[in-house]
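The following exercises ask the reader to work from a sequence and its three-dimensional model. Each task is followed by a solution in steps.

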Amino acid sequence: MTAPLRRRTRRSHAERTAETRARILAAVVESIAEVGFQRTTAVEITRRAGVTWGAVQHHFGDKDGILVAVLEDSFDRFAARLAEVEVDGLSLERRVERFVERAFAHFTSREYASTFEILLDHLRREGSWKRDGASWQTEMSRAWEREWRRFFGDAPLPRRRQLMLQHYAIAVLSGLATMITLEGGAARLREAELGLLRDTLVRELRG
């Protein structure tokens, strides 16, 4: 007896759309990581994604539309990393440990490396990307602050001090990630430096 043929589950239009968008975004990230921002052309994106430029335009409008979508996707991934951490009931030390661990994983990812190049190019050009009237710098700062408050909103610090500490943590984490990139094959885990950051955050957040 032959086994009955399984009927293929037909994907919905929404699923096909999401899959195509994901392929295009992945192609942009992969291309920037491998050949750099300047060489990530329309031809390169469509070749890697296996779609036509018309399909790209249908989903994102133009190249700037794709780049904004990559930024959004990168931060969504970062927020998802942090959202996995249930902060209620955790000691300050554990919250700091989890925050530094997840944030550093984001800063050393391909997605962040690509978004960093996108943002550098954006800052070199005139004008500013807007979303609902706010610049991307403003949007990203607000999003960072929301996550920071979820982890450390109970710290007995003035808001100005909280913001300073938040910016310090971002600077250290992104700086260490950049050093690893520059070291290439000789890169090593910056555990001692990350430990120093954790100790500093715990001390400061205790007020």
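**Exercise 1. Confidence**

Determine the mean pLDDT of the protein and locate where confidence is lowest and highest.

Solution. Step 1: the mean pLDDT of the protein is 83, and 85% of its residues reach 70 or more. Step 2: by element, confidence is lowest in strand β1 (residues 130-131), with a mean of 56, and highest in α9, at 93. Step 3: where pLDDT is low, the predicted coordinates should not be read in detail.

**Exercise 2. Helix α8**

Compare the span of α8 with the expected value, and list its buried residues.

Solution. Step 1: α8 has 25 residues, and 36 Å separate its first C-alpha from its last. Step 2: this span is close to the 36 Å expected at 1.5 Å a residue. Step 3: the buried residues of α8 are Gln162, Leu163, Leu165, Gln166, Ala169, Ile170, Leu173, Ser174, Leu176 and Ala177.

**Exercise 3. Arginine 190**

Solution. Step 4: leaving aside residues up to four places away in sequence, arginine 190 touches Leu176, Met179, Ile180 and Glu183.

**Exercise 4. The largest pocket**

Describe the volume and the lining of the largest pocket.

Solution. Step 1: the largest pocket holds about 530 Å³ of space. Step 2: it is lined by 21 residues, of which Tyr112, Leu119, Met140, Trp144 and Ile170 are the closest to its centre. Step 3: two or more lining residues come from each of α4 (63-83), α5 (92-107), α6 (110-124), α7 (136-152) and α8. Step 4: α6 gives the most, with seven residues. Step 5: by class, the lining has twelve nonpolar, nine polar and no charged residues.

**Exercise 5. The second largest pocket**

Solution. Step 4: α6 gives the most, with six residues. Step 5: the lining divides into eight nonpolar, six polar and two charged residues.

Methods
Residues are numbered from 1 along each chain as its sequence is written. This is a predicted model: local features need pLDDT of at least 70, side-chain atom pairs count only at pLDDT 80 or more; totals for chains, interfaces and linings use all residues. Side-chain values use heavy atoms; hydrogens and water are left out. Contact means heavy atoms within 4.5 Å. On a 1 Å grid over the protein atoms alone, a cavity is a set of points where a 1.4 Å probe fits but cannot get out, and a pocket is an open set with protein on both sides within 12 Å along at least five of seven lines; lining residues have an atom within 4 Å of a point. Grid points are joined across faces, edges and corners, and a volume is the space filled by probe spheres set on the points. Helices (H or I, at least four residues) and strands (E, at least two) are DSSP runs, numbered from the N terminus. Ala, Val, Leu, Ile, Met, Phe, Trp, Tyr, Cys and Pro count as nonpolar, Asp, Glu, Lys and Arg as charged, and the others, Gly among them, as polar. pLDDT is the predictor's confidence in each residue, from 0 to 100. The expected span of a helix is 1.5 Å times one less than its number of residues. Buried means under 20% relative accessible area, exposed over 50%, partly exposed in between (1.4 Å probe, protein chains only).
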